[in-house]
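Look at the sequence and the structure below.

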Amino acid sequence: SNCMQAKKQKTDSMDMFVTLGTGSKIPALGYGTWDTPKDAVGLGVETAIRSGIRHIDCASVYKNQAQIGEVIQKVLQEKVVSRDELFVTSKLWNTEWNDPEKAIRKTLADLKIEKLDLYLLHSPVCFDAGDAEDEFFPEDEMGQIKLGSTSVFKVWASMETLLEKGLTKAIGISNFPIVLVRELMMVAKVPPSVHELEVHPFFSQEGNTSWCKSHGIKIIAYSPLANGRADGPLSASKVIELAEKYGVDPAQILIRWNMQKEHAVIPKSLKVDRIQSFRDVEKFELSNVEMMSLDSLDKGMRTCDLSMFWGWPLYS
C-alpha cells in the first residue's frame, strides 16, 4: 500500500510512515509518554530517539513536557536528529478548551520547539477551566468532575486557528465516538488529520478505525500492548506462538499488527532494552492469515478507561 513504505536497506531510523492528508508523514513507530514520571521520562525519550524512533507523543496533562523538552533540545544540539526528522505530537487537555492558543504556546515553550507536528483534542469532553494553571481535574463540592461549557465544534474552530497561525502543522482528535467524528466532519473547515485511540488485538475498535481511515483520518494507536495487563494480548497463546515463530517478543507482534493496519503506533516502556527492542518490528512481516487470526482475538478489552478515571460516563 502507498501509505506504508518499507525500504530494504537498514537506516538509522525506520522507513515506515503513515502519510497524512496534509502530506506530512508520521513515523509508524513512535514512543508514548503517558503515565511517565518526570524523573524517568527523559531517559525513555532519549533512548527512543537514539534507537531511531522519530515520533514522540506528548500531552500537557502528562505533566512531563518540560523534561521532554530538555531531551529534545539535547538531541537536536548533539545532531542525533534534525528537527524536521522528529515528529512531535501534543494534546489540548479538557480544561484548556477556553484558551487553546495559551495552552499550545505553553506546550511549545515546555517542549522547546517552535511548532508542533500534530496537536490533538485529547478527548471530546470539556472540563471547567479550574482555578490553578495545572488543575487538570477540577471537582465540585461533591467530588464530581466540573464540566465546562465550550462545545466540540467551537474548540475545533480554535484548533483550525492554531493551524492558520502556524503553531502546529496538523490537527486531530482523540478518544472520540464515531458519531461525533462524523458530526465534526460536517462542520469542520479543516477535517481532523488523525484520530488517536486505544487499539490492540483485544480491543481493535474496528468500526471506529475503519470508518476514520475510509474518510481520510489516519489512526495513531495508543496502549498497543494493552498497558501490559496480565490478562491482555501479551499473554495470548496466538501472540506467543507468532513471537516464537519470528524470534521476537510478544510486544513486537502486537506493534507490528497495528502497523500492518496502517496505524502509527506509540508503545511505551521505561526499560532501555525494551525500548531498543521496539525496532525489531522491522525484521518480519505478518501474513494475511496471521493478521486475521490476531483480528479474531478482539474481546472489547479497554485498558485505558477514561470514564473510570474521571467518574464520568464518557462511553455511555
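Predicted model: local features only at pLDDT ≥ 70, side-chain atom pairs only at ≥ 80, totals over all residues.

The sections below take these topics one at a time.

## Aromatic pairs

A pair of aromatic rings is described by the distance of the centres and the angle of the planes. The count comes to seven aromatic pairs. One of them joins Trp 93 and Phe 127, with ring centres 5.9 Å apart and planes at 90°, so the pair is edge-to-face. Trp 93 sits in the loop between β5 (87-92) and α3 (100-111), and Phe 127 sits in the loop between β6 (118-121) and α4. The two residues are 34 apart in sequence, so the pair ties together separate parts of the chain. Trp 93 is buried, because its relative accessible area is 3%. Phe 127 is buried too, because its relative accessibility is 2%.

The link spans distant parts of the chain: Phe 127 is in the loop between β6 and α4, while Trp 310 is in helix α11 (residues 306-310), 183 residues away. Both Phe 127 and Trp 310 are buried. Which residues make up the aromatic cluster? Trp 93, Phe 127, Phe 137 and Trp 310 form one cluster.

## Salt bridges

Side chains of opposite charge can pair when their charged atoms come close. How many salt bridges does a search of the whole structure find? The search finds 20.

Arg 50 and Glu 46 form one of them, at 2.9 Å from N to O. Both residues lie in helix α1 (residues 38-50). They are four residues apart, about one turn of the helix. Is Glu 46 buried or exposed? Glu 46 is buried, because its relative accessible area of 14% falls under the 20% limit. Arg 50 has 44% relative accessibility, so it counts as partly exposed.

Arg 229 forms a salt bridge with Asp 231. The closest N and O atoms are 2.9 Å apart. Arg 229 has a relative accessible area of 33%, so it is partly exposed. Asp 231 is partly exposed as well, at 41%.

Asp 249 and Arg 274 meet in a salt bridge at 3.8 Å, N to O. Asp 249 lies in the loop between α7 (237-246) and α8 (250-260), and Arg 274 lies in helix α9 (residues 272-277). The two are 25 residues apart in sequence, so the pair ties together these parts of the chain. Asp 249 is partly exposed, with 32% relative accessibility. Arg 274 is partly exposed, with 31%.

## Surface patch

Phe 153, Met 186 and Val 187 form a nonpolar patch on the surface. Together they have about 280 Å² of accessible area. Phe 153 lies in helix α4 (residues 152-164). Why does Phe 153 count as partly exposed? Its relative accessible area is 34%, so Phe 153 falls between the limits of 20% and 50%.

## Leu 118 in strand β6

Leu 118 lies in strand β6. Its relative accessibility is 0%, so Leu 118 counts as buried. Leu 118 and Leu 163 are 45 residues apart in sequence. In space, their C-alpha atoms are 9.5 Å apart.

Leaving aside neighbours within four places in sequence, Leu 118 is in contact with residues including Ile 26, Phe 87, Val 88, Thr 89 and Ser 90. Its list of contacts also includes Thr 168, Ala 170, Ile 171, Gly 172, Val 194 and Ile 220.

## Gln 205 in a loop

Gln 205 is found in the loop between β8 (194-198) and α6 (206-214). Gln 205 is buried, with a relative accessible area of 18%. What does the side chain of Gln 205 reach? It reaches the backbone oxygen of Glu 198, at 2.9 Å. Leaving aside neighbours within four places in sequence, Gln 205 is in contact with Leu 197, Glu 198 and Arg 302.

Definitions and conventions. Residues numbered from 1 in each chain as written. Heavy atoms only, no water. Buried < 20%, exposed > 50% of the residue type's maximum accessible area, 1.4 Å probe, protein only. Polar contact = N/O pair within 3.5 Å; in protein donor to acceptor, adjacent residues only side chain to side chain. Contact = heavy atoms within 4.5 Å. Patch = residues over 30% accessible without salt bridge, like charges linked within 9 Å, V, L, I, M, F, W, Y side chains within 5 Å. Areas by Shrake-Rupley, 256 points an atom, 1.4 Å probe, with all protein chains shown as cover. Salt bridge = Lys/Arg side-chain N within 4 Å of Asp/Glu carboxyl O. Phe/Tyr/Trp six-rings, centres within 6.5 Å; stacked < 30°, edge-to-face > 60°.
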